[in-house]
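Subject: Structure handover and notes

Dear colleague,

I am passing on the structure below, together with my notes on what was found in it. Please read the notes with the structure open beside them.

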Amino acid sequence: MATTLVRPHEHTSRTPQAHKAFPALRHLGPNWYASVMGTAIVANAGATLPYQVPGQRVACQIVWALSAAALALVLTARAGHWLHHRDQARAHLLDPAVAPFYGCLAMALLAVGGGTLIVGKDLVGEPAAVAVDAVLFTAGTAIGLLMAVVVPYLMVVHHKVEAAQATPVWLLPLVAPMVSAALGPLLIPHLPAGQPREALLLACYALFGISLLATLLMLPLVFGRLIMSGPLPLLLTPTLFLVLGPLGQSTTAVNQLADMAPQSIGAPYSGALGAFAVVYGVPVMGFALLWLALATAMLVRAARNGMGFAMTWWALTFPVGTCVTGAAGLARHTGLTAFAWLAAALFLALLTAWLLAAGHTLRGLSTGTLLPR
């Protein structure tokens, strides 16, 4: 069970018959949406890299299709989980180790929706891609904002947590609005000129602020726990990479929004927002690289100490992917080749992590170790 959720948490049902209906679904928690996010970011980041090689876009289209299929599959499975194992689903919400993963649902919807406009439009056509992204963006943003309130509320009122229990997983429900801020600009050109575009642009900046300030409140707890209590348990070590999520995604957001500012808002704000993308993005990317080095060192330590596979390995994908798109955005706005090289190097790391996580996940599913039957 340690490979299924961050912390095993089995509960007895009031109706034993519920355990017999689709028993594998009982162990399928909200953390499985991370596999959708991690797959979608490979397509989205690969299609927006400064460097493109023959066949790269086709490969990204295939990966996007996989992410869309995975989203449909996990949504269906999670619906079955709530239908047949409602006691376990409710218990997940009351478990501080599992509840933060509900933020992954929003990010999975947003990532696949954004990918539909980035590469999926080549397969389904632009009108259909805009419609799909509009639906997924709206649903993902609404769910993300809801979870950004509900999960912290549960942590304050119902969860019994101590400072030593703080992990980067606590950041998950707070990052979802930042994903909306980064992917919302894709829809701006498809809105009527004038107030509709300006409204979405400024709404995305508001989402940026919600996530950034909430992350700044939570991150000191996570870092303080590491300093005061030592390394995370081995299977939780990959979650250190989750800290890269708000860093890379916020850098991506300010650059994406700066791209749309000239057609959404007048001077002097459009120029100021373009400058803000660089003034904010470069220092934050610097800190992201510092954290990446620390997290990598801790990951190597855990691997040497016998860390096995767990679904936490998916934490090595989406957060790194946001740094890829953030570096690519800085390359566009600064013209520096160094940022283009950084984006390419990070993408290779992302691709390696995705292949490892996906391969082990498929093996775990086939053997029944991830979802016991």
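A residue is called buried when its relative accessible area is under 20%, exposed when it is over 50%, and partly exposed in between, with a 1.4 Å probe and protein chains only. This is a predicted model, in which local features need pLDDT of at least 70 and side-chain atom pairs count only at pLDDT 80 or more, while totals for chains, interfaces and linings use all residues. Residues are numbered from 1 along each chain as its sequence is written, and side-chain values use heavy atoms, with hydrogens and water left out.

On that scale Ala43 counts as buried, because its relative accessibility is 0%. Ala43 lies in helix H2 (residues 33–47), where helices are DSSP runs of H or I with at least four residues, numbered from the N terminus. Apart from neighbours within four places in sequence, Ala43 is in contact (heavy atoms within 4.5 Å) with Cys60, Val63, Trp64 and Val119. Ala43 and Ala261 are 25 Å apart in space, C-alpha to C-alpha, and 218 residues apart in sequence.

His81 belongs to helix H3 (residues 56–84), and it is buried because its relative accessible area is 0%. Once neighbours within four places in sequence are set aside, the contacts of His81 are Leu25, Arg26, Leu28, Arg86, Gln88, Ala89 and His92. In helix H4 (residues 86–93), the buried residues are Gln88, Ala89, Ala91 and His92. They lie on the same side of H4, because they cover an arc of only 160 degrees around the axis, the arc being that of the directions from the helix axis to the C-beta atoms. These buried residues of H4 pack against H3.

The largest nonpolar core has 121 residues, of which Leu201, Phe241, Leu244 and Leu350 touch the most other members. Helix H5 (residues 103–124) gives the largest share of this core, with 12 residues. Such a core is a set of buried Ala, Val, Leu, Ile, Met, Phe, Trp, Tyr and Cys residues joined through side-chain atoms within 4.5 Å. Not counting residues up to four places away in sequence, Leu201 touches Ile188, Leu257, Met260, Ala261, Ser264, Ile265 and Leu273.

The axes of H5 and helix H6 (residues 126–157) come within 8 Å and cross at roughly 170 degrees, where axes are lines fitted to C-alpha atoms, for helices over the stretch in contact, and angles run from 0 to 180 degrees between N-to-C directions. H5 is therefore roughly antiparallel to H6, a term used for angles over 145 degrees. By class, the contact of H5 with H6 has 16 nonpolar, seven polar and three charged residues; Ala, Val, Leu, Ile, Met, Phe, Trp, Tyr, Cys and Pro count as nonpolar, Asp, Glu, Lys and Arg as charged, and the others, Gly among them, as polar.

Two loop positions follow. Leu187, in the loop between helix H7 (172–183) and helix H8 (195–229), is buried, with a relative accessible area of 9%. Beyond four places in sequence, Leu187 is in contact with Leu117, Val130, Asp133, Ala134, Phe137 and Leu200. Pro268 lies in the loop between helix H9 (244–260) and helix H10 (269–304), and the peptide bond from Ala267 to Pro268 is cis, with omega near 0 degrees.

Finally, Thr296 is found in helix H10 and is partly exposed, with a relative accessible area of 34%.

With best wishes

Note on methods: Angles under 35 degrees count as roughly parallel, over 145 as roughly antiparallel, 65 to 115 as roughly perpendicular and the rest as oblique.
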